[in-house]
Amino acid sequence: MTAVETRPGFAPAAPATRAGRVAWWSIALAVLLVALGVILIREALVVAKRVDGEPWILPVVDSIDGLVPSPLVAAVGVVVALLGLWLVVIALGRRVRTRLDVTSSTGTTIGLNDAARLAASAADEVDRVLSARASATRRAVTVTVTTLEGDDVTDAVRAAVTERLAPLAQPLTVKVARRETAGLHSGGDRR
């Protein structure tokens, strides 16, 4: 039993997740809402005669007085309501897990980019691989290797990457893509 397992009330850390999706327009919308709040506070202080100045909002409201309901106004209202609903769904939506658990220790994780780097370095060490790059998801790692024409290193790369990523709690599916380049074959080790 390890020291971690003997401590009463110990709970492993929550799985690491990426922050919710926030687009640039979400930040712009937040800034606009803050600006609107500042304008409304200023307007309230002017109406209460705590601050000297002319109201800004009342003239705007007076200028649109007499506006009658129209299909255009209804369409704009529906679009704004749907946009607001969509923003709420995105903000409260499921966050993406970006870390992979390692079996060697409770709570130890590595990032998806780190798993891809490990896979690329393992593939790069295989004989006859000229270069390697990789990308990873929570379920699979895809390794793209460049070799000379006729060199089939797919199985060797798959084995090397699988061995390098063996410490992960959930094994990743290893996909190997090959790119061939023309070169001189010397009969010996081409590395």
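## Overall architecture

The chain has six helices and five strands, taken as DSSP runs numbered from the N terminus (H or I of at least four residues for helices, E of at least two for strands). Along the sequence these elements follow the pattern α-α-α-α-β-β-α-β-β-α-β. Of the 191 residues, 19% count as buried, that is, under 20% relative accessible area with a 1.4 Å probe and protein chains only; exposed is over 50%, and partly exposed lies in between.

This is a predicted model, in which local features need pLDDT of at least 70 and side-chain atom pairs count only at pLDDT 80 or more, whereas totals for chains, interfaces and linings use all residues. Residues are numbered from 1 along each chain as its sequence is written, and side-chain values use heavy atoms, with hydrogens and water left out.

## Packing of α5 and α6

Helix α5 (residues 112-124) packs with helix α6 (residues 154-164) at an angle of about 135°, their axes lying 8 Å apart. The pair is therefore oblique, a class for angles that are not under 35 degrees (roughly parallel), over 145 (roughly antiparallel) or 65 to 115 (roughly perpendicular). Axes are lines fitted to C-alpha atoms over the stretch in contact, and angles run from 0 to 180 degrees between N-to-C directions.

P171 is found in the loop between α6 and β5 (173-181). With a relative accessible area of 67%, P171 is exposed. A140 is 31 residues from P171 in sequence, and their C-alpha atoms are 8.3 Å apart in space.

## Helix α2

L29 belongs to helix α2 (residues 24-47). Its relative accessibility is 35%, so L29 counts as partly exposed.
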